[in-house]
Every structure is written in C-alpha cells, then in structure tokens.
Amino acid sequence: MFERFTQEARAVLVEARAECRRRHDRMLGAGHLLLGLWVNPGDPAVRALERLGLHREDLLDQLPGSLPDPDALRTLGIDLDEVRRRVEAAFGQGALDQTSGGWTRVRFTPTGKKALDLAFRSTLELGHKSVEPTHVLLGIVRADDTDVARVLELHGVAPGDVRQAVLAEFARAA
Amino acid sequence: VTEDATELAEATSSRDPVVGLRAVASLRVLLETLEELQVKNARGQGWSWQQIADQLGVSRQAVHKKHGGGRRLLGRGR
C-alpha cells in the first residue's frame, strides 16, 4: 500500500511519527496524521484545512497534550534540559528525542490504521493513481477518530466540510 | 523571569491537580524514554533480555514484549 504514497504523503507519515514521538504517545493515531499534514505547508490538504479555519498551532493545543512538560517537571525539581544534557553526553546529540528511531516499531491506533486504509481507498475511488496528502486527509476524516472529531467540532467543521474543501482543491488543480 | 516562573510553578505544584498530574505524566514519559534508551544500549552491548529484565525488576516477557519488536511502517526494518 505504501508504495502508492507520494513523497509528500510519506513525509506526512514521517512527521506524524515525529509528532507521536514528541508527545511520547505509544501509538500513532489519526490526530498525529492530521498534524503531520503541515509538513508540506503549501499542500492542497493544508490549504483546505486552513480555508476551514483549522491551523496547526490551534490543533497542537487542542489535540491531547504533549509530554514531557518541562515546567511540570520543574515543580518536582527535575530540570529536563539538564537531563537531556547528561543523556546526550553519554549517548550522543538528540538521544533523548530520538528513541524509537526511524521506522521501527510503529504501532497504529485502530483509527490511525483505518485513516491510512481509507486514504488508499479514497485514492482508488477518485480514480487517482497515487496517495497524496489530500487523500490522507480524506482518510483521516473518514476514520471516525474521537480526538479528530472533537477538534473539528470545536471549529464548527463537519467531516463533510473537509471532504468538500478537498474536492474543491482537486477541482482547482484540474 | 525564568526564576519567577519556577517559583510560581513550585508554589502551585502541591495542590493544583493540573500541575501535579502533568508532572507525574511527564515523569512517566521521561522514564519510558530513558528505559528505551538504556535497553537499546544494553542490547547493543550484548545483554540478554533476561539480564535486562533482572536489572529493571520486571519479567523477561515484559521487557521483550515492550522492546523486542512490533509492526513496522513502510516495511523498512532495523
């Protein structure tokens, strides 16, 4: 399935994985994929989202929070920067941020997996030959993910609106 | 400014569940990260899962299940 993903769509997966890691979430879900779309800032998928008033900075706050929180750790007397400095002294730069490196051991949440399956299916249904970030976005909103649904609702956006916005981007490109 | 922020954070930590729980959650994340790093390092130095499990104070199965493998994305392995 992933052979059909364009470089841009693959970049979304890489970014989603990075986001997952930054948040230290154990599984990659539709919310991570959604945030991952912004790895290609000028992409039609991002244009569609921003036209609906959905911006990365807002979503970062509104999707469940990112950890570890340096301020919270400081209340326990733990200086995350110092921990990072010591770990990097032993294991090399970025060691603390680069666990679960590369593509190994990625687990998807059920809706994360579903989003990718539906991205692929959306591509086929539209008669397109490769999976682009726009198709990933279509998959995300079709996957019925609770976190994503809640964030969309917060902005008064229905999944159908996202679909319409994406189709409008396709029409524009044609 | 940073010192003020620290003081403020410390002053509020004891009672505010938001700060307290977030600190605990952050600690857990940090712990998981360090565990992964140390397990990887130990494996790199030829340690067995049993040896690692003994040091961590958990079962060999638990360590292996957590760090031994899983589904891969894009089919690219280690």
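1. On the face of H3(B) turned away from its buried side, the exposed residues are B:Asp54 and B:Gln55, where exposed means over 50% relative accessible area, buried under 20% and partly exposed in between (1.4 Å probe, protein chains only). This is a predicted model, in which local features need pLDDT of at least 70 and side-chain atom pairs count only at pLDDT 80 or more, whereas totals for chains, interfaces and linings use all residues. Residues are numbered from 1 along each chain as its sequence is written, chains are lettered from A and ligands numbered from 1 in the order in which they are written, and side-chain values use heavy atoms, with hydrogens and water left out.

2. The buried residues in helix H3 (residues 49–56) of chain B include B:Trp49, B:Ile52 and B:Ala53. They cover an arc of only 100° around the axis, which puts them on the same side of H3(B); the arc is taken from the directions from the helix axis to the C-beta atoms. Helix H2 (17–44) and helix H4 (60–67) of chain B are among what covers these residues, helices being DSSP runs (H or I, at least four residues) numbered from the N terminus.

3. Just after H3(B), B:Gly57 takes a positive phi of about 75°.

4. In chain A, A:Glu19 is found in helix H1 (residues 7–22) and is buried, with a relative accessible area of 3%. Not counting residues up to four places away in sequence, A:Glu19 touches A:His32, A:Leu35, A:Arg56 and A:Leu60, a contact meaning heavy atoms within 4.5 Å.

Notes:
Helix = DSSP H or I, 4+ residues; strand = E, 2+ residues; numbered from the N terminus.
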